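Hi,

Here is the structure I promised to pass on. Have a look at it first, and then read on for what turned up.

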Amino acid sequence: MISLFKRKKPKADTVSKGIAVKQKRYEALVYTLHADLFRYAFWLCHDRQVAEDLVQETFLRAWKALDSLKDEKAAKAWLITILRRENARRFERKQFDLVDLDNQQVPDKHSPGPEQDMENELLRRHIGELAIEYREPLLLQVIGGFSGEEIANILDLNKNTVMTRLFRARNQLKEALDNDKTIRGRNNG
């Protein structure tokens, strides 16, 4: 008896072309967004090797789920979301020894001089002191280059909430930096 529901086998050419298209999309994502993902991963973990691993895991997951990416314009936000989840998985799998971040210094090798180094370190310290609800949107905007709407999608928040948090984060940073200048002015004068 002949089955009416017999499946047709896909032609090898069709499968090969589909894989080639997926490969080109993937390579374009990696080429275009690798540096941005690495920068954000490094900011999250402050370790070059861990950041590289996070980016690699992010792209591995992206390859597996590439068909779910319908809008190429959303690729950066999609990959940042995967990266954030990969970073969270890192803490689920392994227990780390806690280190006091106030005592850790990440040298900035690109600054022009010691004064700029001091300013950068001061800014990093103040950003690190912000509550996570203010720090994360600020970093996504400044380091990731995301818009308020993209940050809202990544953090699963309302856009107005994100904009308020960005406004407050900037104000808190400005206030902290102004206080530092006032204190330095008193000590120097």
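First, a term for what comes next: a nonpolar core is a set of buried Ala, Val, Leu, Ile, Met, Phe, Trp, Tyr and Cys residues joined through side-chain atoms within 4.5 Å. Buried means under 20% relative accessible area, exposed means over 50%, and partly exposed is in between (1.4 Å probe, protein chains only).

Before the details, some housekeeping. This is a predicted model, in which local features need pLDDT of at least 70 and side-chain atom pairs count only at pLDDT 80 or more, while totals for chains, interfaces and linings use all residues. Residues are numbered from 1 along each chain as its sequence is written, and side-chain values use heavy atoms, with hydrogens and water left out.

The overall picture

The chain has 7 helices and 0 strands, so defined because helices (H or I, at least four residues) and strands (E, at least two) are DSSP runs, numbered from the N terminus. Read along the sequence, the pattern is α-α-α-α-α-α-α. Of the 189 residues, 30% count as buried. The chain exposes about 14,100 Å², and carbon and sulfur atoms supply 52% of that; accessible areas come from the Shrake-Rupley method with a 1.4 Å probe, and for residues only the protein chains shown count as cover. As for contacts (heavy atoms within 4.5 Å), residues 24 or more positions apart account for 63% of those in the chain with a separation of 6 or more.

In soluble globular proteins, nonpolar side chains tend to be buried together. Here the largest nonpolar core has 38 residues, and L29, W78, L79 and L140 touch the most other members. At least two residues each come from α1 (12-45), α2 (48-64), α3 (75-93), α5, α6 (148-155) and α7 (159-188). Which helix gives the most to this core? That is α1, with 8 residues.

Aromatic rings

There are 3 aromatic pairs in the structure. Rings of Phe, Tyr and Trp (its six-membered ring) pair if their centres lie within 6.5 Å; planes under 30 degrees apart count as stacked, over 60 as edge-to-face and the rest as tilted.

One of the pairs is Y26 with F59, which is edge-to-face at 6.3 Å centre to centre, with 85° between the planes. This pair links distant parts of the chain, since Y26 is in helix α1 and F59 is in helix α2, 33 residues apart. Y26 is buried at a relative accessible area of 17%, and F59 is buried at 4%. Together with W63, Y26 and F59 form one aromatic cluster.

Another pair is F38 with F42, stacked at 6.2 Å centre to centre and 25° between the planes. Those two are separated by about one helical turn, because they are 4 residues apart in helix α1. F38 is buried, with a relative accessible area of 18%, whereas F42 counts as partly exposed at 26%.

There is also a charge over a ring: the charged end of K76 sits over the ring of F146, 5.2 Å from its centre. The rule for that is NZ of Lys or CZ of Arg within 6 Å of the ring centre and within 35 degrees of the ring normal.

A buried glutamate

Beyond neighbours within four places in sequence, E136 is in contact with Y40, R84 and L155.

Most residues other than glycine have a negative phi, and most peptide bonds are trans. H46, in the loop between α1 and α2, has a positive phi of about 55° and is partly exposed at 38%. D156, in the loop between α6 and α7, has a positive phi near 55° and is exposed at 70%.

Cheers
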